[in-house]
Amino acid sequence: MKKKNREVKMKHWIYKREGMEDGDFPVCCSYGPMSWDDPFKWQGVIFGPSGSPYEDGVFFLSIDLPQQYPSKPPHIKFLTKIFHPNIDEDGTIYIDILEEEQWNPIQTIETILLSICSLLMDPNPVGYYNTSCFLYQTDLDQYRHQAREWTRLYAMDLDLEDPHHLHLHLESLRL
């Protein structure tokens with residue numbers, strides 16, 4: 001019965017648009033609805049890119065789709081603390097594709113998460129709106145050291161093999 005119920009809910013146009021029927025995710029990220037009953041509340045996971053200070057980190061994100069989606073961009077925030085020039089202390093991401101005037105309805109949750117993965121490898125600071133931005137522009141070694149330390153403290157050593165542990169971790173991160 002549960003499988004049949006999920007199949008009925010998977011027919012919502014957002015699930016089809018976002019490719020949830022395929023379940024074929026890129027290696028650097030994953031995403032899905034928080035509940036099949038609410039197609040507008042999602043959660044994402046980004047795996048820290050190799051060669052970056054975020055390597056081996058697992059970063060959770062909240063993804064809220066507006067009722068006007070895909071005409072309007074989703075609101076995406078990091079739930080896991082991260083030290084990055086384009087991400088502020090409360091997890092807000094500063095990337096042009098999420099700004100309403102830059103938003104293109106062709107974007108999907110997957111393409112946005114891939115862009116965020118790319119941003120982790122190649123930050124694009126546009127000002128001095130946080131400490132990480134300042135360090136990235138003035139002391140790259142110290143920025144990398146701090147970013148790696150935050151990754152170690154907040155995004156590593158999660159037991160992702162234990163579904164119960166992962167569920168509890170996800171519950172603790174929900175806003």
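1. By about how many helical turns are R152 and E149 separated in helix 5? In this predicted model, the two residues are 3 apart in helix 5, so about one helical turn separates them. They form a salt bridge in which the closest N and O atoms are 2.5 Å apart; R152 is partly exposed, with a relative accessible area of 44%, and E149 counts as partly exposed at 26%.

2. The whole structure contains 5 salt bridges, and another of them joins E100 to K72, with 2.7 Å between the closest N and O atoms. Because E100 lies in the loop between strand 4 and helix 3, and K72 in the loop between strand 3 and strand 4, this pair ties together parts that are 28 residues apart in sequence. Relative accessibility is 47% for E100, which is partly exposed, and K72 is likewise partly exposed at 29%.

3. The side chains of D90 and K77 also meet in a salt bridge, at 3.5 Å from N to O. Here the loop between strand 4 and helix 3, which holds D90, is tied to strand 4, which holds K77, the two parts being 13 residues apart in sequence. D90 is partly exposed at 43% relative accessibility, whereas K77 counts as buried at 15%.

4. The largest nonpolar core has 36 residues, and those with the most contacts inside it are W42, I46, F78, I93 and I116. Helix 3 gives the most to this core, with 7 residues. Beyond its neighbours up to four places away in sequence, I93 touches residues including L61, K77, F78 and I116.

5. Y129 is found in the loop between helix 3 and helix 4 and counts as partly exposed, at 31% relative accessibility.

Technical notes: Residues numbered from 1 in each chain as written. Predicted model: local features only at pLDDT ≥ 70, side-chain atom pairs only at ≥ 80, totals over all residues. Heavy atoms only, no water. Core = buried A, V, L, I, M, F, W, Y, C linked by side-chain atoms within 4.5 Å. Buried < 20%, exposed > 50% of the residue type's maximum accessible area, 1.4 Å probe, protein only. Helix = DSSP H or I, 4+ residues; strand = E, 2+ residues; numbered from the N terminus. Contact = heavy atoms within 4.5 Å. Salt bridge = Lys/Arg side-chain N within 4 Å of Asp/Glu carboxyl O.
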